[in-house]
Amino acid sequence: MTASSSLFFCSVHMNVLSPKTSKCPKTFVCYHSKISYMEPKGNKFQLDDVLDAQQFDRDILNAIFEVARDMENIERNSPDSQILKGYLMATLFYEPSTRTRLSFESAMRRLGGEVLTTENAREFSSAAKGETLEDTIRTVEGYSDLIVLRHFESGAARRAAAIASVPIVNAGDGPGQHPSQALLDVYTIEREIGKLDGIKVGLVGDLANGRTVRSLAYLLAKYKDVKIYFVSPDVVKMKDDIKDYLTSKGVDWKESSDLVEVASECDVVYQTRIQKERFGERLDLYEKARGKYIVNQNILKVMQRHAVVMHPLPRLDEITVDVDADPRAAYFRQAKYGLYIRMALLKLLLVGW
């Protein structure tokens, strides 16, 4: 895929290209930019890679969500779907994962596709022998039609996409981004709250290292009159690049140390775990941050009746188990919505509309 863009725009006057086609015929006028793909009938987009949240605008998000709704119907009513029959997806994970990897693999299989998988490529692949990411991608693309990549280095997915001839999906790149998680998070908010404009969202926990909250912040900036609260221990506050981006987009944001007050005002309380693996040898800082902000019955008492608690999972002790029984606990429904979003992404990447 091209390094310059994750969306490929063509002015077409004949049959629509499939997403696997990386070049336009000579009779087409092609532009590499983050613009929707225009079909002869209506405005559609062609998705080449999923690398970061910034590549999506509102129209594209709405279109993806429409396809995700179709995927909900397919999952419930057409268990023998063959939409992706004949396609092979490789999941290449250099960091541990349960939900993301299984979600993508389930999505592929539910649409009739096949899966090649490696769960810990950092330890049990040629990377342990010193092979570069680029060489691994060039090899694996020969075995598959699409690669879902999780890596420990920020920017790894973009490096992979720069040299790959098959679609690359960023399934998390260190402390960088996790765009498919952000897509499913926004989809969850729409399905649970019923709107995306005019909402208040509290992002809680490890905001410095949490790639999910970074990507979610980028997507929330696409909507009108959104207010974001950052609630975190001092050692893991949201980084300035996200704050500056939100300010540049006119998004109202505020840092707070009072989770009770924030929870009482928000439509969404998005809790995250303190990521021990990001602290290295500074376990003293981890222990200082852990357990400071916990969603429990006291938080539920001040939350509005329509509000929801979300979490990208896995959780440790930052949401108490007794919260699970409350209908506002949306995190397991959130994981299910992720299946539909990933089914939609795989369909759009491999066969288009």
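## Helix H6 against helix H12

H6 passes H12 in a right-handed crossing. A crossing is right-handed if the near helix is turned clockwise from the far one by less than a right angle, and left-handed if anticlockwise. The contact is made by Ser 180, Gln 181, Leu 183, Leu 184, Asp 185, Tyr 187, Thr 188, Arg 191 and Glu 192 of H6. From H12 come Arg 333, Gln 334, Tyr 337, Gly 338, Ile 341, Arg 342 and Leu 345. Contact means heavy atoms within 4.5 Å. By class, the contact of H6 with H12 has 6 nonpolar, 5 polar and 5 charged residues. Here Ala, Val, Leu, Ile, Met, Phe, Trp, Tyr, Cys and Pro count as nonpolar, Asp, Glu, Lys and Arg as charged, and the others, Gly among them, as polar.

H6 covers residues 179-193 and H12 covers residues 331-350. Their axes come within 8 Å and cross at roughly 120°. Axes are lines fitted to C-alpha atoms, for helices over the stretch in contact, and angles run from 0 to 180 degrees between N-to-C directions. H6 and H12 are therefore oblique to each other. The classes are roughly parallel under 35 degrees, roughly antiparallel over 145, roughly perpendicular from 65 to 115, and oblique for the rest.

## Basis of the model

This is a predicted model: local features need pLDDT of at least 70, side-chain atom pairs count only at pLDDT 80 or more, and totals for chains, interfaces and linings use all residues. Residues are numbered from 1 along each chain as its sequence is written, and side-chain values use heavy atoms, with hydrogens and water left out. Helices (H or I, at least four residues) and strands (E, at least two) are DSSP runs, numbered from the N terminus.

## Helix H6 against helix H7

H6 also packs on H7, at an angle of about 55° and with the axes 8 Å apart. H6 and H7 are therefore oblique to each other. H6 passes H7 in a right-handed crossing.

On the H6 side, the residues are Pro 179, Gln 181, Ala 182, Leu 183, Asp 185, Val 186 and Ile 189. They meet Thr 212, Ser 215, Leu 216, Leu 219 and Leu 220 in H7. By class, the contact of H6 with H7 has 8 nonpolar, 3 polar and 1 charged residues.

## The five-stranded sheet

An open sheet of 5 strands has the order E9-E8-E7-E10-E11, with parallel pairing. Two strands pair if DSSP finds at least two bridges between them. The edge strands are E9 (252-256) and E11, and each pairs on one side only. The twist averages 20° from one strand to the next. H6 packs on the sheet, touching E10 and E11. The direction of H6 makes about 165° with that of E11. Helix H8 (residues 240-248) lies across E8 (227-231) and E9, running at about 145° to E9.

Strand E10 spans residues 268-271. E7 (residues 200-204) and E10 run parallel, joined by 4 bridges. Val 201 has Val 268 as its bridge partner in E10. E10 and E11 (residues 308-310) pair in the parallel sense over 3 bridges. In E11, Val 309 is the partner of Val 269, and Met 310 is the partner of Tyr 270. In a regular strand the side chains alternate between the two faces of the sheet. In E10, Val 268 and Tyr 270 point one way, while Val 269 and Gln 271 point the other way. All are buried. Buried means under 20% relative accessible area, exposed over 50%, and partly exposed in between (1.4 Å probe, protein chains only).

## Tyr 245 in helix H8

Tyr 245 sits in helix H8. Tyr 245 is buried, with a relative accessible area of 18%. Leaving aside its neighbours within four places in sequence, Tyr 245 is in contact with Tyr 218, Ala 221 and Lys 222. Tyr 218 is 27 residues away along the chain, yet the two C-alpha atoms are separated by 7.9 Å.

Most residues other than glycine have a negative phi, and most peptide bonds are trans. Leu 313 has a positive phi of about 65° although it is not a glycine. The peptide bond from Leu 313 to Pro 314 is cis, with omega near 5°. Leu 313 is in the loop between E11 and H12, and Pro 314 is found in the loop between E11 and H12 too. At 16% relative accessibility, Leu 313 counts as buried.

Asp 225 has a positive phi too, near 55°. Asp 225 lies in the loop between H7 (211-220) and E8. Asp 225 is exposed, with a relative accessible area of 69%.
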